[in-house]
Structure formats: structure tokens, C-alpha cells
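Hello,

Here is the structure I promised to pass on to you. Have a look at it first, and then read my notes below.

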Amino acid sequence: MKNLLSSLLILTALALLASCSHYETYAEQKEKETKAIRQYIIDKNINVISEATFNEQNQTTDVSKNEYVLFASSGVYMQIVRKGCGSQIKNGESCTVLCRFTERNILTDSLLLSNDVLYYSTVVDKMSVRRSSDTFTASFIAGESVMYSQYKSASVPAGWLAPLLYINVGRPEKEGDEIAKVNIIVPAAQGTVAASESVYPCFYTITYEKGI
């Protein structure tokens, strides 16, 4: 009996050691995330420009050169595909913003969520946005957001709000008017609650249109 008990204790200890050896620290997860973003940039032939260059170019990115601006303080990379019609959200203004998006996990190169597909063709994610100086706060509207339904949170990822300082959020009124469109690489800390908890970066394509 003693031998059996000893064997069981040894096996339990070995199982615990094996489990611990597969546990990743937060630092290791962050390092994996950083490497994944760097590799994604290489694989997609992204030309990263600084905020200084971005400002010199009148806060635009050259899509023909596949330019993305890196916001050093947040780690978000942004490409403005279309600046959009209308005007920027004004300081002190509150409004509803309509978004269509595609969300991909960069670590696994997998599609996570999208309302830009036939199944969700009638669903446009709605978020309530307010600007105070250069800071935007926002929340998804329950019952009118795929993101809210999926992640059970009204919290809008900070990465989604980063483009709002640089794009117009309007509604097409005449021929040739187009709504704003961006591509963004969002590190976990600027992403959804799920991304933050599991430490994975996402790539988003998002359009922004002012609600009625």
C-alpha cells in the first residue's frame, strides 16, 4: 500500500511539473504577441511610418505603398484606406457611429468575427461616441451590435477609437461620397476583453459612418 501511495504521489508531482512547464507567463505571452505582430508586418509587406511622417503627409497613409502609421504610445498600427465624407467628430460632440468590421486573430491567422458577411447583412454595429478634446469614449449599443453579442460587453476596444482623430465620420449625400475605412493592427491591451485576457493581437478592417 505504501509503495502504491508513493507511486501515486510521484505521478501527481510529475503531472504538476508537466502542467507548470506548459504554463506561459504574461511576459512570455507579450513576447509571443510582439513577435506575431512583427511577423505579420513582414508577411503582409507593410511599410511602417512614424507619426512624424504621418503628420508631414497631412495625416494620410499611402495605400499604394501599403503604409501603416505606428502610434508608439499604444502600439496600434493604422492604415487609412478612405478618409471618408463629412467631417470629423467635433470636440464636445456626442453621436452614434455605425461600423462594419472584420476581426482576425493574428496569432492563429483565423477569422474571429465579422458583420460584413451575408449572414449579418442587415446588422451594422452601433456605438455611442463622445469626444472630449482628443479623447474618445464609446460603448456598443445592446441589441444592435455583433461585438456586444459576442463578447457580452458594451466596451469598445480602444484600438477602434484610435482612427477617429484622423477620419471623417459622415453620411454619403452625393455621388462619389464614401464612408471612412481603415485597417488597424490592435495589440491585446488595446483590444477586446477576450484579447486582453488571452493576450492576442487582432487585425481589423472597419468602416465608420455617422448614424441618424
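**Pockets and strands**

The lining of the second largest pocket consists of four nonpolar, two polar and four charged residues (Ala, Val, Leu, Ile, Met, Phe, Trp, Tyr, Cys and Pro count as nonpolar, Asp, Glu, Lys and Arg as charged, and the others, Gly among them, as polar). Please keep in mind that this is a predicted model, in which local features need pLDDT of at least 70, side-chain atom pairs count only at pLDDT 80 or more, and totals for chains, interfaces and linings use all residues. Residues are numbered from 1 along each chain as its sequence is written, and side-chain values use heavy atoms, with hydrogens and water left out.

A pocket here is an open set of points on a 1 Å grid over the protein atoms alone where a 1.4 Å probe fits, with protein on both sides within 12 Å along at least five of seven lines; lining residues have an atom within 4 Å of a point. Among those lining the second largest pocket are Tyr40, Arg104, Asn105 and Phe203. Helix H2 gives the most to this lining, with four residues (helices are DSSP runs of H or I with at least four residues, strands are E runs with at least two, numbered from the N terminus).

Asn105 also has a bridge partner in strand E9, cysteine 202. E4 and E9 pair in the antiparallel sense over nine bridges, where pairing takes at least two DSSP bridges between two strands. E8 pairs with E9 too, antiparallel over seven bridges, and there asparagine 183 stands opposite threonine 205.

Best wishes
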